[in-house]
Amino acid sequence: MIGNDIVDLAQASVDSNWKRKGFLDKIFNLEEQFMISSGIHQSVIVWLLWSMKESAYKIYSREAKLREFAPLKLQCSNLIIHDNTATGNVAYDNELYYTKSFFDENYIHTVAAAKPEELEKVEIKITGHALFDYKKTKPASVSHHGAYLALVYL
Amino acid sequence: MDRAELIARLTPIIATYAQDKDAVASINETTDFIKDLKINSANLVDVILDVEEEFDIEIDNLSMERMLNVSAALEIIEDKLKTK
């Protein structure tokens, strides 16, 4: 099973002030906050970790048929960042998910999977918001934010 | 503080982040923050921080987990106001 999440960075900067007092404490544990504060591009790391948590949560909530807002229970680890890609893990209760992200100056996109081999198989399509009737193409996971629509096929 | 007063103080907070402004006009206890008001999940944190400021309470992580609709929010606020 897979989940995906896209963050339109321009939209995120309009909608959210992550520097607001208390904001990071409600979402990120100390280790994650250290990853944010030790990087040069802090805002990229904030939304990268956020998209990791969101994409993993989408798998978990679908499997457990459960809704909750518990960003601190989703714990990111093993984050490795290359030029504009990243890999990592997200733990949630007793589950462990594998993530693969891409980012540039416009957006951050993460795919999470329950099995690492699923990440190798996915086909990703990122496009403008609802330009076509994407439901007919039967994506395994859909995410939209701001100007972007992300479709992932398995 | 009765429920009507609580809703009156809660409404402007959630209205700030609701993307479906029509749904704000018909807010009631069953209104869901994400499904009905289309509040994006990052802004749920802002709702929680604003509620903490407005009512001078602290919302713990366990309460935050279930604060996804108006009725849960009211219960949590009432509960925290009682133990203040």
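Author: Two residues are taken to be in contact if their C-beta atoms, placed from the backbone, lie within 7 Å. On that basis, the contact takes 14 residues from chain B and 14 residues from chain A. This is a predicted model, in which local features need pLDDT of at least 70 and side-chain atom pairs count only at pLDDT 80 or more, while totals for chains, interfaces and linings use all residues. Residues are numbered from 1 along each chain as its sequence is written, and chains are lettered from A and ligands numbered from 1 in the order in which they are written.

On the side of chain B that touches chain A, α3 (41-55) and α4 (61-65) of chain B each supply at least two residues; helices (H or I, at least four residues) and strands (E, at least two) are DSSP runs, numbered from the N terminus. The largest share of this side, 7 residues, comes from α3(B). By class, this side of chain B divides into 8 nonpolar, 4 polar and 2 charged residues (Ala, Val, Leu, Ile, Met, Phe, Trp, Tyr, Cys and Pro count as nonpolar, Asp, Glu, Lys and Arg as charged, and the others, Gly among them, as polar).

Within chain A, 5 strands form an open antiparallel sheet in the order β1-β5-β4-β3-β2. Its edge strands are β1 (2-8) and β2 (74-81) of chain A, each pairing on one side only; two strands pair if DSSP finds at least two bridges between them. β1(A) and β5(A) (residues 107-113) pair in the antiparallel sense over 7 bridges, and I2(A) stands opposite A113(A) in β5(A).
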